[in-house]
Amino acid sequence: HETHEYYHKRAHEAHKVEEVYKSTNPRWQAVVEYMNSHNEGDYKLAILEADSMLDSMLDTLNLPGENLGEKLKSADPDKFPKLNKIWEAHNIRNRIAHEGVDFLLSKNEAQRVIGIYEQVFRDYNFI
């Protein structure tokens, strides 16, 4: 909840998401562009791309598993202090993927979820 308030405040101050989530990573820049939209479908694309980036990051950390879920299950909670938050974000991604247009996603919720990915990526210098 603290993360959501922090990023909401920063987004409000900056008026544009790109100021909050600044990075030179081109994949992350695409996420930022999706988040600057006023279209719920774009927020969903942002989360799908961020989740794909997480999968790539876990590959660079040599976590075993055929998919992101397996990699997260193999992660040591002591080495990944935000593992519960990562699971939370990944579960939102799964709902987007499986429920499609039936899954309703507000911009505030999308910003909260993207904030989780951003924290993890910054923790591991991925963006």
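# Getting to know a helical model

Trainee: Which residues does Asp 42 touch, not counting residues up to four places away in sequence?
Mentor: This is a predicted model, in which local features need pLDDT of at least 70 and side-chain atom pairs count only at pLDDT 80 or more, while totals for chains, interfaces and linings use all residues. Residues are numbered from 1 along each chain as its sequence is written, and side-chain values use heavy atoms, leaving out hydrogens and water. A contact means heavy atoms within 4.5 Å. With residues up to four places away set aside, Asp 42 touches Tyr 34 and Ser 37.

Trainee: Is Asp 42 buried, partly exposed or exposed?
Mentor: Buried means under 20% relative accessible area, exposed means over 50%, and partly exposed lies in between (1.4 Å probe, protein chains only). Asp 42 sits in helix α4, residues 40-60. Its relative accessible area is 21%, so Asp 42 is partly exposed.

Trainee: How many helices and strands does the chain have?
Mentor: Both are DSSP runs numbered from the N terminus: helices are H or I with at least four residues, and strands are E with at least two. From the N terminus on, the elements run α-α-α-α-α-α-α. The count is 7 helices and 0 strands.

Trainee: How are α3 and α7 oriented to each other?
Mentor: Axes are lines fitted to C-alpha atoms, for helices over the stretch in contact, with angles from 0 to 180 degrees between N-to-C directions. The axes of α3 (residues 26-35) and α7 (residues 107-123) come within 11 Å and cross at roughly 165°. Angles under 35 degrees count as roughly parallel, over 145 as roughly antiparallel, 65 to 115 as roughly perpendicular and the rest as oblique. Therefore α3 and α7 are roughly antiparallel.

Trainee: Which residues of α3 meet α7?
Mentor: On the α7 side, the partners include Ala 110, Ile 114 and Phe 121. From α3 come Trp 28, Val 31 and Met 35.

Trainee: What is the relative accessibility of Asn 62?
Mentor: Asn 62 lies in the loop between α4 and α5 (68-74). Its phi is near 60°, a positive value in a residue other than glycine. Asn 62 counts as exposed, because its relative accessibility is 65%.

Trainee: Where does pLDDT stay under 50?
Mentor: pLDDT is the predictor's confidence in each residue, from 0 to 100. The chain averages 87, and 83% of the residues score at least 70. Where pLDDT is low, the predicted coordinates should not be read in detail. The stretch with pLDDT under 50 is residues 12-18.
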